[in-house]
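Biologist: I am new to this structure. Please take me through one part of it, step by step.

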Amino acid sequence: KQQQQQQQLQLQLQQQELQEIQKHQKQKTKTQEVQKQRNQKMSSTEAIFAAMMEAVNQDATTLAKKFKASVLFKVDGRSCLVDLKSKPAVVRVDDDNDSNVDLQVVLSSEVLQDIMAKKITSQQAFMSGKLKIKGKMNLAMKLNALLGSTRKYLPAASKL
């Protein structure tokens, strides 16, 4: 009987260890999924910033006629400064010096992706509180010129 009890006790301990291992693996998988989502957000924000840079490099003259201003996009801790007033036009990623910008746009990566995919307009995002604007409001209405030009340079996979 004593041997049977020891075997049962060992079996119980093994089952508990197995449960702990499974629990740890589930937590690890969940952590990896969250990290993967963060990386996807970051890479899509970076792709949009890169497309914005390309749009300004390629279409600076046309854009400057429609949107002669500087705008700072703040997206989930990242920033992109677009200055179409300076000659040549300047785009700097992770430059959040907002002291001299005409317009500051604050939004999440998801909202930026939705705007770029035309699931929502910047005006709708603003009205619903998903996009915050600081600075000259009349420039916010002209923001679509920059966003439209940026769309042309997005990688095909990012256009959704």
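Modeller: Strand 1 and strand 4 (residues 103-107) pair in the parallel sense over 5 bridges. Strands are DSSP runs of E with at least two residues, numbered from the N terminus, and two strands pair if DSSP finds at least two bridges between them. This is a predicted model, where local features need pLDDT of at least 70, side-chain atom pairs count only at pLDDT 80 or more, and totals for chains, interfaces and linings use all residues. Residues are numbered from 1 along each chain as its sequence is written, and side-chain values use heavy atoms, with hydrogens and water left out.

Biologist: Which residue of strand 4 does lysine 74 stand opposite?

Modeller: Strand 1 covers residues 70-75. Its parallel partner is strand 4, and there lysine 74 stands opposite valine 106.

Biologist: In which sense do strand 1 and strand 2 pair, parallel or antiparallel?

Modeller: Strand 1 and strand 2 form a hairpin with 2 residues between them. Phenylalanine 73 stands opposite cysteine 80 in strand 2. Strand 2 spans residues 78-83, and over 6 bridges the sense of the pairing is antiparallel.

Biologist: Which residue in the turn has a positive phi?

Modeller: The turn belongs to the hairpin of strand 1 and strand 2. With a phi of about 45 degrees, the residue is aspartate 76.

Biologist: How many residues of strand 1 are buried?

Modeller: Buried means under 20% relative accessible area, exposed over 50%, and partly exposed in between (1.4 Å probe, protein chains only). Strand 1 is mostly covered, and of its 6 residues the number buried is 5.

Technical notes: Helix = DSSP H or I, 4+ residues; strand = E, 2+ residues; numbered from the N terminus.
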